Amino acid sequence: MNWLDTIVQGVLLGGLYALFAAGLSLVFGIMRLVNLAHGDLIVLAAFVILALVTTLGVSPFVGALMAAPLMFAAGWALQYFLLNRTLGKDILPPLLVTFGLSIVIQNGLLEGFSADSRRVSAGSLESASIALGPVNAGIMPLMTFLSAVAVIVCLNQLIYRTAVGRAFRATSDDPVTAGLMGIRPQRIFALATGLAMVVVTIAALYLGTRANFEPTSGPARLIYAFEAIIIGGLGSLWGTLAGGVILGIAQTVGAAINPEWQILTGHLAFLLVLLFKPRGLFPRAVD
Amino acid sequence: MFTRRDFLKTTAATGAFAVTSGLSMPAIAQNAPVKLGYVSPQTGPLAAFGEADKFVIDSFLATTEAMGLNYEVVVKDSQSNPNRAAEVAKELIVTDEVNLVLVASTPETTNPVATTCEAEEMPCISTVAPWQPWFIGQQGNPGDPSSWKPFDYAYHFFWGLEDVIAVFTNMWAQIETNKQVAGLFPNDGDGNAWGDKTVGFPPVLEKMGYALTDPGRHQNMTDDFSAQINAFKSGQCEIVTGVVIPPDFTTFWNQAKQQGFAPKIASIGKALLFPQTVEALGDAGHNLSSEIWWTPSHPFKSSLTGESSAEIAGKFTKATNRPWTQPIGFAHALFELAVDVMRRAADPTDGGAVAEAIAATRLDTLVGPIAWDGKDLPPFAAKNVAKTPLVGGQWRLKDGGGYDLVITDNKTAPAIPVGGKMEPIA
């Protein structure tokens, strides 16, 4: 077994999982909303990028840049007009609504794009790699990881350094008091979901260039996102990155021992964290 | 959940119906349409297999109407879900009271439907799943060959693992390699059968002088193949084979290129069946090879319409504006068989008589001659399985973009013309 290579590939894979999870983590951290349609929204964004790339003939990166504002608007509207109505003391309505949304998105995509397995082509970048000492790291996985780090740095800057971020944190802590101070929680929530959709678009770019996707491939991505968040600790974005990396390394090490254990060891790592640190490794939220 | 009460209700209802309908049978039998039930995955991950169904059924109904035959087809969607497939099969039998059930595409669809039909004594013709997962997968104890029993109502036509092994090794023999083979088998029905130490690839490859590097079964929807790639690199493999789902193959192939693993041949089942999935690979799909069950160049004609393979594929492209796919031929052949069987059956409404007629079939279909005569089959499967020819081919990039599937080896079925020689992956 080539340990160094196994670890490096695991870390790079962790970047992908962290990207899947970052949007979910943001939404959960601010409004305690578990978005079960998150995986399907990633696939939806991938189809939006695909549509832009095929109709306009632009590169996938430009496509993602164009898709980001669209997805932001969609996320804003989704939160403002639909999900805000479900938020309240009861945690069940948002779960049910996002579950339904997941089915609606899947079938909508099936109608619009058929069941074909699709892919966004990144040209020669796909197979390119650079040598990092004794190991070869693919350019795309490397970019995925760096993007994950960049997304988390940016979100942290936004949340802890800006007025909007202060409003996010205030609303997260106590929406009623934040409301008394002149913040409108409904708008803050909509803004947060819009931002989460921008992160989703970035995740979709790397998902779409990495492997094929179909209208129904969303839910399979959701579980890794959840696990990354739980491992890292609810509400902590850096924790989410750490969670993704731990999940990725657990998978590649498991696979190196026996490919049958690849997915299993990821889940086992998650269970171990739940067992010994039920609130995750770097929990921030108090509830 | 089928409870005791449901059982009593349905048996009582069908019993009463059987008695009354039996009395009036001669009067309505003249005009009653022959009812065919058809189950296939039209939505979900396997939907690409069911893509041609609407076209095939529409043209079937148009043909039978023109021929003055009275047929009705009840179509059910399995939603790519085995439980759902069993449920709709029961609906077809109990609610729709069909005379014959047809089912296609992957063991996940064919097996639950065939098992339900066998239990309900409903004749069933199934296809598009290698016969081992179909036959052995339905047995009570797949691990014990002595306990395997043939079926009375379920019949299947397709090729088997022995054919795909022969096709792949024939293709590999055309190119000079070091005979080191990399095996990529997932932990699912197909992967376990292909990688099986007694009926799968390993024993045959060993006999033919190939060395197999098989790191073990991976789960479908895996995001990282670095462990397998490392194993293949240290095994110096020049040939890759396996039966993986399309997203996993894309992930594997990209990672292999990034890691500098460049085999000369890649013969993969399942992932490379459809032109859409090969196109999703971009230029990296050039010269990948796959098993071929049906193409427009197969020299067979429909027994229903007399049209050639090329004509039917052309019609499909014209009607749907989509490239032809391999399941078209088999879906069409299913309906050819249905008409042929019903024509010969002593009483189309009697399950036993229809099953008898299926067993006696000798028909030249769009996918080749079909007869349940046990040819090239082990004795235990001889009654219920009929084999269709299998060849191998490579996907070649066309000048204007898109891919052509070129038949590169026909040693297993010389009647099917080759379109070129094997080329190593550049």
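**Helices, strands and a contact between chains**

Me: Within what distance do the axes of helix α2 (residues 53–66) of chain B and α13(B) come, and at what angle do they cross?
Reply: Helices (H or I, at least four residues) and strands (E, at least two) are DSSP runs, numbered from the N terminus. Axes are lines fitted to C-alpha atoms, for helices over the stretch in contact, and angles run from 0 to 180 degrees between N-to-C directions. For α2(B) and α13(B), the axes come within 9 Å and cross at roughly 30 degrees.

Me: What kind of model is this?
Reply: Residues are numbered from 1 along each chain as its sequence is written, while chains are lettered from A and ligands numbered from 1 in the order in which they are written. Local features need pLDDT of at least 70, side-chain atom pairs count only at pLDDT 80 or more, and totals for chains, interfaces and linings use all residues; the model is predicted.

Me: In which hand does α2(B) pass α13(B)?
Reply: A crossing is left-handed if the near helix is turned anticlockwise from the far one by less than a right angle, and right-handed if clockwise. Here the crossing is right-handed.

Me: Which residues of α13(B) make the contact with α2(B)?
Reply: Two residues are in contact if their C-beta atoms, placed from the backbone, lie within 7 Å. α2(B) brings Asp53(B), Val56(B), Phe60(B) and Thr64(B). α13(B) answers with Ile328(B), Ala331(B), His332(B), Phe335(B) and Val339(B).

Me: How do the residues of this contact of α2(B) with α13(B) divide by class?
Reply: Ala, Val, Leu, Ile, Met, Phe, Trp, Tyr, Cys and Pro count as nonpolar, Asp, Glu, Lys and Arg as charged, and the others, Gly among them, as polar. The contact of α2(B) with α13(B) has 6 nonpolar, 2 polar and 1 charged.

Me: Which residue is the bridge partner of Ile125(B)?
Reply: Strand β4 (residues 124–127) and strand β5 (residues 154–157) of chain B pair in the parallel sense over 4 bridges. The partner of Ile125(B) lies in β5(B). That partner is Tyr155(B).

Me: Which helix gives the most to the side of chain B that touches chain A?
Reply: The contact takes 34 residues from chain B and 35 residues from chain A. On the chain B side, α9 (226–234), α10 (246–258) and α11 (275–279) each supply at least two residues. With 8 residues, the top contributor is α10(B).

Me: Is Gln276(B) buried or exposed?
Reply: Gln276(B) lies in helix α11 of chain B. Beyond four places in sequence, its contacts are Asp116(A), Ser117(A) and Ala48(B). A residue is buried if 20 or more other C-beta atoms lie within 10 Å of its own, exposed if 12 or fewer, and partly exposed in between; C-beta atoms are placed from the backbone. Gln276(B) has 21 such neighbours, so it counts as buried.

Me: How does Lys179(B) count, with its C-beta neighbours inside 10 Å?
Reply: Lys179(B) sits in the loop between α6 and β6 (180–184) of chain B. Its phi is positive, near 65 degrees, though it is not a glycine. It has 16 neighbours, so Lys179(B) counts as partly exposed.

Me: How does Lys270(B) count, with its C-beta neighbours inside 10 Å?
Reply: Lys270(B) is in the loop between β9 (265–269) and α11 of chain B. Phi of Lys270(B) is also positive for a residue other than glycine, near 70 degrees. It has 22 neighbours, so Lys270(B) counts as buried.

Me: Which residue stands opposite Arg396(B)?
Reply: Strand β14 (residues 391–397) of chain B runs antiparallel to β15(B), with 6 bridges joining them. They form a hairpin with 5 residues between them. In β15(B), the residue opposite Arg396(B) is Asp404(B).

Conventions:
Pairing = 2+ DSSP bridges.
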